[in-house]
Every structure is written in structure tokens, then in C-alpha cells.
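Keep the sequence and the 3D view side by side. The paragraphs below walk through the fold, its aromatic contacts and the parts to read with care.

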Amino acid sequence: LLNSEFGEVSVTDEYIEYEVTIPSDTTEIKVMCWETLENMVPVCEAAVLTAASKVYNLMTFNIRTITDADKNERSWENRKAAVIEYLNNSGADVIFLQEVECVGQSDYITETISEKYGVVYYPAIANKDDSGGLMIAYNKDLFENVGENRFWLSETPDVPYTKSFDSACTRIASWALLENKETGERYAHLNTHLDHVLEGTRSAQ
């Protein structure tokens with residue numbers, strides 16, 4: 001996105017901010033992202049304008065999994081209340097979360113996120129310490145979930161818990177088919193988290 005002809009980038013002492021507009025025949029997507037210079041996780045917000053001029057606010061947020069490497073204010077225990085507050089105050093119609101651990105994060109978010117959101121969660125592996133889980137939260141007043149599933153980013157995407165392409169971790173993509181309760185329009189929302197080690201792996205995934 002940073003190299004896109006449609007993008008603008010600005011840098012401050014604390015963060016990098018970039019805005020991208022992606023046009024198509026029927027939809028215009030405006031994405032604003034920022035990431036701190038302290039190597040914290042990036043947050044993106046997007047407004048999707050359809051041909052009918054209906055605007056949906058989308059947000060993607062890598063919440064960072066639970067790890068012993070994070071101490072003090074970086075620990076999940078000290079971050080989780082702020083994460084929920086940010087999600088609940090975001091005004092997003094659909095939220096995409098990455099690195100959501102099965103135990104300690106997915107259950108906490110499901111229990112504490114605003115009641116207006118429905119939640120779709122899938123882990124990447126059959127392990128309580130899975131750090132590759134993905135969550136989609138959607139505004140239940142606006143959308144009805146009419147379908148959902150996951151697949152693995154491997155050469156055998158329908159075979160559970162598989163990985164390929166020299167991926168360091170087992171990776172998945174999850175999706176939810178959301179239907180606008182007023183118009184009946186359906187939108188497929190896809191969430192994923194590519195491998196963090198090799199560029200060639202990410203391209204293959």
C-alpha cells in the first residue's frame with residue numbers, strides 16, 4: 001500500500017500514517033493506517049463506499065498474542081482493558097482481529113466486547129496456546145451472519161492444521177458472509193495473518 005500510486009504517507013516523531021484510496025467499478029475503499037515507531041502493532045481503519053453510497057466502517061487490529069516476552073505495560077493483562085475500550089469506541093461495523101489466543105484472549109474479548117457485536121472466532125491449531133487465531137466482530141444491528149468458515153494457508157487448505165511454503169507457523173484465513181438486514185446485500189469478509197519470517201512464504205500464502 002505504501003508504494004501505491006493512490007497513497008499518501010506522513011511521518012511524525014511517534015508514528016507513521018498512510019492513507020490509501022483504492023477505486024474500482026463499484027466500490028471505493030479508503031484505508032488509513034498507522035503504526036508507532038516503537039514497533040507496536042499497526043491499526044488500520046477503512047471506509048468502504050459502495051455504489052449505493054452506503055458507508056461501512058471496517059477496522060483491522062493485530063492485538064498481539066499472549067507471550068512471556070511482554071512485561072509490564074506490554075503484557076496482555078495490562079493491555080486487555082484498553083483493547084476492549086478501543087474496540088467498543090471505534091464505531092466500526094466490522095472488526096478484524098489477528099493473533100487472538102484461544103485461552104485468555106478470545107474468551108475475554110467475546111465476553112467483554114459490546115453486545116452489539118456478533119463474534120466469529122477460529123483458531124489456527126488445536127492447542128490452547130494457539131497464537132494464530134482470527135476473530136471477526138460484526139454489528140448485529142446492521143448485519144446477519146449467513147455463513148462462516150476457515151481454511152489453512154497451505155497446499156491442502158481443507159486439511160486441518162496443515163502448513164506449507166516453509167511457514168514458521170500454521171496460518172489460516174477465516175471468513176464471514178454478512179448480509180445487510182435492510183438491503184439484503186451480502187459481503188464476504190476475509191481475515192488472515194500471513195507468516196512473519198519469509199517474504200517468499202507470505203507471497204505463496
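Which residues form one aromatic cluster? Tyr 56, Phe 143 and Tyr 187 do. Keep in mind that this is a predicted model.

Now take the chain as a whole. The protein chain has three helices and 11 strands. Along the sequence, the pattern runs β-β-β-β-β-α-β-α-β-β-β-β-β-α. Of the 205 residues, 40% are buried. Take the contacts between residues at least 6 apart in sequence: 50% of these join residues at least 24 apart.

Next, confidence. The average pLDDT of the protein chain is 79, and 72% of the residues score at least 70. Two stretches need care. Over residues 13-18 the pLDDT stays under 50, and the model gives this stretch 28 contacts beyond four places in sequence. Residues 34-42 also have a pLDDT below 50, with 26 contacts in the model beyond near neighbours in sequence. Where pLDDT is low, the predicted coordinates should not be read in detail.

Turn to the sheet. Three strands make an open sheet, ordered S9-S10-S11, with antiparallel pairing. Strand S9 (143-152) and strand S11 (186-192) are the edge strands, and each pairs on one side only. On average, neighbouring strands of this sheet are turned by 20 degrees against each other, direction ignored. S9 pairs with strand S10 (residues 172-180) in the antiparallel sense, over nine bridges. To find your place in this pairing, look for Phe 151, which stands opposite Ala 173 in S10.

Back to the aromatic rings. A pair of aromatic rings is described by the distance of the centres and the angle of the planes. The count here comes to six aromatic pairs. One of them joins Phe 61 and Tyr 86 edge-to-face, at 5.9 Å centre to centre and 70 degrees between the planes. This pair links distant parts of the chain: Phe 61 lies in strand S5 (residues 55-62) and Tyr 86 in helix H1 (residues 76-88), 25 residues apart. Is Phe 61 buried or exposed? Phe 61 has a relative accessible area of 9%, so it counts as buried. Tyr 86 has a relative accessibility of 30% and therefore counts as partly exposed.

A further pair joins Trp 76 and Tyr 108. Their rings are edge-to-face, 6.1 Å centre to centre, with 90 degrees between the planes. This pair, too, links distant parts of the chain: Trp 76 is in helix H1 and Tyr 108 in helix H2 (residues 102-112), 32 residues apart. Both Trp 76 and Tyr 108 are buried. Which ring does the charged end of Lys 80 sit over? The ring is that of Tyr 108, and the charged end lies 4.8 Å from its centre.

Stay in helix H2 for one last stop. Gly 104 belongs to this helix. Trp 76 is the residue whose ring pairs with Tyr 108. Thr 65 is 39 residues from Gly 104 along the chain, and their C-alpha atoms are separated by 9.4 Å.

Conventions
Residues numbered from 1 in each chain as written. Predicted model: local features only at pLDDT ≥ 70, side-chain atom pairs only at ≥ 80, totals over all residues. Heavy atoms only, no water. pLDDT = per-residue confidence, 0-100. Contact = heavy atoms within 4.5 Å. Pairing = 2+ DSSP bridges. Helix = DSSP H or I, 4+ residues; strand = E, 2+ residues; numbered from the N terminus. Axes fitted to C-alpha atoms, helices over the stretch in contact; angles between N-to-C directions. Phe/Tyr/Trp six-rings, centres within 6.5 Å; stacked < 30°, edge-to-face > 60°. Buried < 20%, exposed > 50% of the residue type's maximum accessible area, 1.4 Å probe, protein only. Lys NZ or Arg CZ within 6 Å of the ring centre and 35° of its normal.
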